[in-house]
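Dear colleague,

Please find below the structure that I am handing over to you. My findings follow directly after it.

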Amino acid sequence: MAAINREQVAHLAQLAHIEMSDDELDRMANELAVIVDSVKSVSEAAGADVPATSHPIPLTNVMREDVVGHVLTAEEALSGAPDSADGRFKVPAILEES
Amino acid sequence: MSTDTIVSFEEAMEKYDPVLGFEVHVELNTKTKMFSSAPNVFGDQPNSNVNEVCLGLPGVLPVVNRKAVESSILIGLALNCKIAPHCTFARKQYFYPDTPKNFQTSQYEDPICYDGWIDIELADGTVFRVEIERAHMEEDAGKLTHMGGATGRIQGADFSLVDYNRSGVPLVEIVTKPIEGAGSRAPELAKAYVAAIREIVKNLGVSDARMERGNVRCDANVSLRPYGREKFGTRTETKNVNSLRAVENAVRFEIQRHAAVLDSGVAITQETRHWHEDTKSTTSGRPKSDADDYRYFPEPDLVPIVTTAEWVEELRSRLPEPPAERRKRLQADWGYTDLEFRDVVNAGLMDEIEETVAAGATAAAARKWWMGEIARRAKLADVDPAALGVTPAVVVEIERLIASGAINDKLARKVLDGVLDGEGTPAEVVEKRGLAVVSDDGALQAAIDEALAAQPDVAEKIRGGKVQAVGAIVGGVMKVTRGQADAGRVRELILATLGVEG
Amino acid sequence: MTAHELIRSSAAEMAAKLASGEITSVELVQAHLDRIAAVDGGERGVNAFLHVNTEEALAVAADVDARRAAGEQLHELAGVPIAVKDLIVTKGQPTTAGSKILEGWMSPYDATVVKKLRAARMPILGKTNLDEFAMGSSTEHSAYGPTRNPWDLDRIPGGSGGGSAAAVAAFEAPLALGTDTGGSIRQPGAVTGTVGVKPTYGAVSRYGAIAMASSLDQIGPVSRTVLDSALLQEVIGGHDPFDSTSLTDPSTGLADAARLGNVAGMKIGIIKELHGEGYQAGVENRFNESLELLRGAGADIVEVSCPNFGYALGAYYLIMPSEASSNLAKFDGVRFGMRRLPAEGPLTIERVMGATRAAGFGDEVKRRIILGTYALSAGYYDAYYGSAQKVRTLIQRDFAAAFEQVDVLISPTAPTTAFKLGEKLNDPLAMYLNDVATIPANMAGVPGLTLPGGLAEEDGLPVGIQLLAPAREDARLYRVGAVLESLIEAQWGGPILDRAPSLVETVVEPVETLDYVETTAKEAN
């Protein structure tokens, strides 16, 4: 496994939608390199025959019946919104002007 | 926005072999959403059919809708798929404001239905088998409205508004394997395939299947390769193709565009294209920045679905008659010609006619009304005939009134007006509007005397033996009685009055 | 009984006094509100609370008193106040998750555990401090300042649930709710000399707990006695149809197990890999004493090996950030919480999300999001997330093998006693090592309990003893824990918390109490 570098961190920050300054990227790359190095052993711990566990307690078929439950009013739904208009959540333009 | 060069379809077909692929999203018509108990209802006030789960508020957890799972299995069975004995949900991660959690809960490695097929019958009766790769469960996103700017499009908008009513609506995504060998029939096949999926989910009762509402949405993949080459060309995926005609046109356009690009020696860019109904063309879509890496991983908040054989067989027993078989059966039962039956199918009136026949009308009468007067009015009102407000019972009753001689065809149309104006049942309309055929000979005689007096020369001709001239007098009587007379009886009375043998 | 004595009682004792009519709930709640006002705020305050819920708590208390007076049959803990970790959503009070990004956010719904507290008529005193989004082991990563350890105000109270543990240790609340993803209930319990339990995964609903790592998170009780935690788990546990991972087992028999009072013949396993090297001497000594005490009570102490526990920390620091990176994607400034516009350049939603998350998240949260994004990204998934999930299987197998030999497992809860504020803040890896003994339970979903094992001789600070039981056998923890607790108290001549230095009570006028509360509420709004 390759150590994590600054360019990777920049790409990851973009994927994660977190703006980062150059300083921050450098610092993060250093810290993550140490952490990634320390978790390396994990990839060698288990053989191919070991199944993955995604849930600590195995359950299956937990489903609900198709019955309408409680609903928020539009007012309640929008109560925490940073911005809204016309009963809807308002967000800046999706795309840059082209 | 540059306008793409295209070559003619025929030219494209001479040189290139198209390969198609479709991803059709079907919105299920469950009462509640895929992972929350908020109502799944179209068209209400924005953000009023939501709760904390489909808004993705902090702390919420999803719970699977059993009905949605069963509907998905039904779709899989109708598409001849295998049903996975064990399947899981996964998170598909990308940031977009219509996606409340900034990930979509979907299925990845193990879809609930896989490896199916469906036979598509083209207009000339050619049957084309389309193989289904998978059909998996997922959730719909909210609806973005782009505001400001000139076009209301995403480009140039000042801001966007988000309504999460659709967020979390259950979706089944049906993915085909690459479809080879369609040749010049590719656009037609594309349309027929989507029409078949729409018909199947409607017939199953699992979706409202209204394309104009986005209940069935198609992304069409197109690639071209020179004839004889095995390797597929680079494909494009055209989104937002939301009518059957658009599917056909979009596939045709992309074939023509690809051919022009390839002809000029340039490689096709693998990208998303957007279909524009107004210009009947596609434009390059800007890829989402994280589209290259969705970082799928197993959804830790949901547990696997295990489908037992008993459950699947119980669902299989609920499958309705397949649409193709049903069509054959109905055409035989009704005795329609191929042309008549195709017109009925194309008009989307098979269900209505079936119900009307079941309610007691003859197949001929049912077709006459639905394909005639009702379809005509629907077209004027710009609605589906089924949505006009005429029920099978109304048609049956009108037919009965005609058969009993209480009204004639002309009056029946007025009765239909009354029914559509909300004046009640056909019988009530006849009563209220006084539309019954005038069968009182006394009243008719007065009208006949008046008509004869008004046209003495015609009366004279009839007396002189020109019996065919009686039509003019009958017309006069019908005018006076505003059509409410039985024309046959009027004729008899006129001839009797003039002492002529009929 | 003075207010001072009253607040030092256990929750069970408070419940008994309420039932007998010796005290009213209003008196009890007021005594705690006064204590909060006296020790929580100011320069050198404990800072356990991010919000104090004065009005509602008193109203609920008054309602309980009225109902009791009218002869109504009430829940055993009705009228006993409780604090709630600010990771758990509450109607009527702000929920911040210790993050700027949620500052002032009011949830339109209650977490299931909060609904259960309300149904039991337990007054909620307020919301307690935590590391931002529960990411940390010291509460120093809170955006609202660190909580201080009541044993030494210059030391950390553990984390992420330092607020809940410190509130209980400082007698600001008899009970609190915590959440435990890798030790966030147990490690703060260990360093503050209190009791905390991470129930079996699924035993308590997670609905309304702001998720860090969904497959590891669990809500649990924080208290001063083992019996109190048992009583509280009975209130908050049980099946919840809103949580697909919720177990259907009823949450009963836990208090009975705590009251059983014997461990004779039980087999208790020392986990070879979870003590010795890397553990502070005083921690190791108290741990060994606990073993002697249990042996003296008739338990059979054996050593077991869990060879794969060595991989647990590494696997945890892949699974946890992976799930966290996904769970925290929703904090984007669109539907709730903070929105920050980019300082310059075009105003697009993508850039607003980037600026909001940059300004709203602290360093540790960003670190984990980036790490998790990395572990899940194309080309790395199999090596990181995939491998970590296999390690999870190995850890489960280790537990299964161990529990074939023994009834419960025992270890120190944390390798050290409370360290100084700031000491490990700039060394993420050192911070992560605090969770080395608590993480295996989360990885396997098994329940774990910490209780005070005495004080370390070198620094006079509390040491935590951890008990682990098989999944769905939470009752065993309470049974063994209560016995060990009574043996340790007998050895030390009373509860370990009695040895904590008294906090200086600032003389606060009632008016200032109100000011404090109102300010907190206003800041939140």
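Which residue in β15(B) does His274(B) stand opposite? In this predicted model, the residue opposite His274(B) is Thr283(B). Strand β14 of chain B covers residues 271-276 and is joined to β15(B) by 4 bridges, the two strands running antiparallel. As a general point, strands of a sheet pair through backbone hydrogen bonds, in either a parallel or an antiparallel manner.

**The sheet of chain B**

Both strands belong to an open sheet of 9 strands with mixed pairing, in the order β3-β7-β8-β11-β1-β12-β13-β14-β15 (chain B). Its edges are formed by β3 (82-83) and β15 (281-284) of chain B, each of which pairs on one side only.

Two helices lie across strands of chain B. Helix α2(B), residues 66-78, lies across β1, β3, β7, β8 and β11 of chain B, and runs at about 165 degrees to β8(B). Helix α3(B), residues 186-204, lies across β1, β7, β8, β11 and β12 of chain B, and its angle to β1(B) is about 20 degrees.

**The annotated site in chain C**

An unreviewed UniProt entry lists Lys85(C), Ser160(C) and Ser184(C) under "active site". These residues are spread over 100 residues of sequence, yet they cluster in space, with a largest C-alpha distance of 10.8 Å.

Lys85(C) is part of strand β2 (residues 82-85) of chain C. It counts as buried because 32 C-beta neighbours lie inside 10 Å. Beyond residues up to four places away in sequence, Lys85(C) touches several others, including Thr128(C), Leu130(C), Gly161(C) and Ser164(C).

Ser160(C), by contrast, is located in a loop, between β3 (124-128) and α6 (162-169) of chain C. Ser160(C) also counts as buried, because it has 34 C-beta neighbours inside 10 Å.

**The domains of chain C**

Chain C is assigned two domains: domain 1 (3-308 + 393-503) and domain 2 (309-392). Their C-alpha centres lie 27 Å apart. The contact between them takes 36 residues from domain 1 of chain C and 28 residues from domain 2 of chain C. On the domain 1 side, the elements giving two or more residues are α14 (382-405), α15 (428-432) and α16 (439-444) of chain C. The largest share, 5 residues, comes from α14(C). The residues of this side divide into 21 nonpolar, 10 polar and 5 charged.

With kind regards

Note on methods. Residues are numbered from 1 along each chain as its sequence is written. Chains are lettered from A and ligands numbered from 1 in the order in which they are written. This is a predicted model: local features need pLDDT of at least 70, side-chain atom pairs count only at pLDDT 80 or more; totals for chains, interfaces and linings use all residues. UniProt positions are given in the numbering used here, feature names are shortened, and annotations may be inferred rather than shown by experiment. A residue is buried if 20 or more other C-beta atoms lie within 10 Å of its own, exposed if 12 or fewer, and partly exposed in between; C-beta atoms are placed from the backbone. Two residues are in contact if their C-beta atoms, placed from the backbone, lie within 7 Å. Domain bounds come from an automatic or database domain assignment. Ala, Val, Leu, Ile, Met, Phe, Trp, Tyr, Cys and Pro count as nonpolar, Asp, Glu, Lys and Arg as charged, and the others, Gly among them, as polar. Two strands pair if DSSP finds at least two bridges between them. Axes are lines fitted to C-alpha atoms, for helices over the stretch in contact, and angles run from 0 to 180 degrees between N-to-C directions.
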